Amino acid sequence: MKKVVKFGGSSLAAAEQFQKVREIICSDEDRRYIVPSAPGKRFDGDTKVTDLLYECCGRAEAEEPFDLLLAEIRERYEDIIAGLGLDLSLEEDFAEIEERLLREPDRDYTASRGEYLNGKVMSAYLGFEFVDAAEMIRFCDDGTFDTNLTKKLTEERLSLCQNAVIPGFYGAYANGRIRTFTRGGSDITGSIIAWALGADMYENWTDVPGFLVSDPRIVDNPEVVDMITYRELRELSYMGATVLHEEAIFPVRKAGIPINIRNTNNPEDLGTMIVATTSQKPRFTVTGIAGKKGFVAVDVYKDMMNSEIGFCRKVLSVFEDNEISIEHMPSGIDTMCIFVHQDEFQEKEQSVLSGILRAVDPDSIDVEPDLALIAVVGRGMRENRGTAGRIFSALAHAKINCRMIDQGSSELNIIIGVDNKDFEEAIRAIYDIFILTKLT
C-alpha cells in the first residue's frame, strides 16, 4: 500500500510530539509521504507559530519592529531541534525570512514558512527527502488551483522518492511566488498529494479520536463515529462540524481514496474512516448532529402563490441582487420561507424587503430573527422509520419549539430550526434520544 500521512500542528508542537509521530510513521512502512503542519499550541494560552508569523508580517507592513517576535519563532524551532538531538541549523532560512520582511512583506510567503521549516525538521528527523510543496502545488494567475499541472508535477517529482516530507498549507504560482490555502490548508495539501499519487489511503493525524457525533463543547464525551461517508461528512461540515478542512474532501473523494482520521496521542485507536460508500451498518441511526446560530427567516405570504409562474425566482433574485446567499428554503402552498445569515441580512434588510414587495406584491412579509439551524445526518435514517417523529419527541420533551423542519429527498439529513437560546439544549436532546438511549 501507499499512504499519504498528514500531521496537524498539535501533533508537531514540541519535540515530544515529534517523537510520537516518528513512532507512528516507522510502525508502518506504507506511510511513505508525510505532510506536516506548522507547530501548534504546546499548552493552553500558547500561540501557534502561524499566528506569530502573521503578526510578524503585520508589523513589517506597518514598518514596526518584529525582531523579537521572529526570535521567539526561531527559539520554538531550536527547542524542537535540540530536543530531538538533530544536527540542523535554520539560520539561513530565518535570515531569508527577515530579509524578505524588511524588503517586501508578503503574508502568504511569511505564513508558509511555518510548514516549510517544520518540514525541514521532520525530514532531518526521519531521514526522508524534503520536497518543497512550491515545486508541485500550482496556482493559476487568477489564484485558482491548477489541477492538471499539479498532478503532473507531483507525479514526476515524487516518482523519484521512495519516502518524502512535503510541507502543507501552500503552493506557488508559475513565477515561484508563494500562495497559501485558507487556514487549515495542510489538510488540503495532504489530500492533493494522495489524489495525485493515487494513494491507497490518506491518514490525517490530529489531537482528537476521530469524527465525533456532536460537538464536545455541547455534549459531554460524545461517541466517535467509526465510519462516515463523504456525503454525510459534507452535510455536517457545511453546518460547522470540523475535523479536517472541508475542501480536503474533494480531491480524494473524486479518486475514491478513503481518509482515516487518527489521534496522535492514542495511535492504537482506529479513529474514523471516511469512505465513498459502504455496506456496513452504522452503529446509530444518526451519524452526526451539528448546527449554527445566527439566522433570520423571511416569510413571504401570498394567496395562490403556487399558481404564479416565476414567483420563487423573483423572490430569490432579490436576495441575489443584494449579494445574500440562501441557506434553506422550506415552503408551503401560499408561503415561502427563506433562511439567511442574520449578519448579512441586517445590513441590507430594508433593501431586501422593499425589493420583495416590488417583485411579487405579497400579502405580507414576516421577519423572524435569532434562529439556529441544526442538521441531523445519517445514512441509517433511510432504514429506520419515525426519525423525524423521534426528533420532534425529543424537542417536545425538552420543551423546545421547532420553528422549521426540512428533509431532503435523499433521506440523508433533516434540518431543524430552533431559537438561538435553545440551540445547545436541542442538540443535547437529539443526541440523548438517538445515541444515549441506544447505549443504555
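Tutor: The side chain of N204 makes a polar contact with the side chain of D187, at 2.9 Å. This is a predicted model, in which local features need pLDDT of at least 70, side-chain atom pairs count only at pLDDT 80 or more, and totals for chains, interfaces and linings use all residues. Residues are numbered from 1 along each chain as its sequence is written, and side-chain values use heavy atoms, with hydrogens and water left out.

Student: Where is the place of N204?

Tutor: Strands are DSSP runs (E, at least two residues), numbered from the N terminus. N204 is in strand β7, residues 201–206.

Student: Is N204 buried or exposed?

Tutor: Buried means under 20% relative accessible area (1.4 Å probe, protein chains only), and exposed means over 50%. N204 counts as buried because its relative accessibility is 1%.

Student: Where does D422 lie?

Tutor: D422 lies in the loop between β15 (413–419) and α14 (423–439); helices such as α14 are DSSP runs of H or I, at least four residues. D422 has 13% relative accessibility, so D422 counts as buried. The side chain of D422 makes a polar contact with the side chain of K421, at 3.4 Å.

Definitions and conventions:
Polar contact = N/O pair within 3.5 Å; in protein donor to acceptor, adjacent residues only side chain to side chain.
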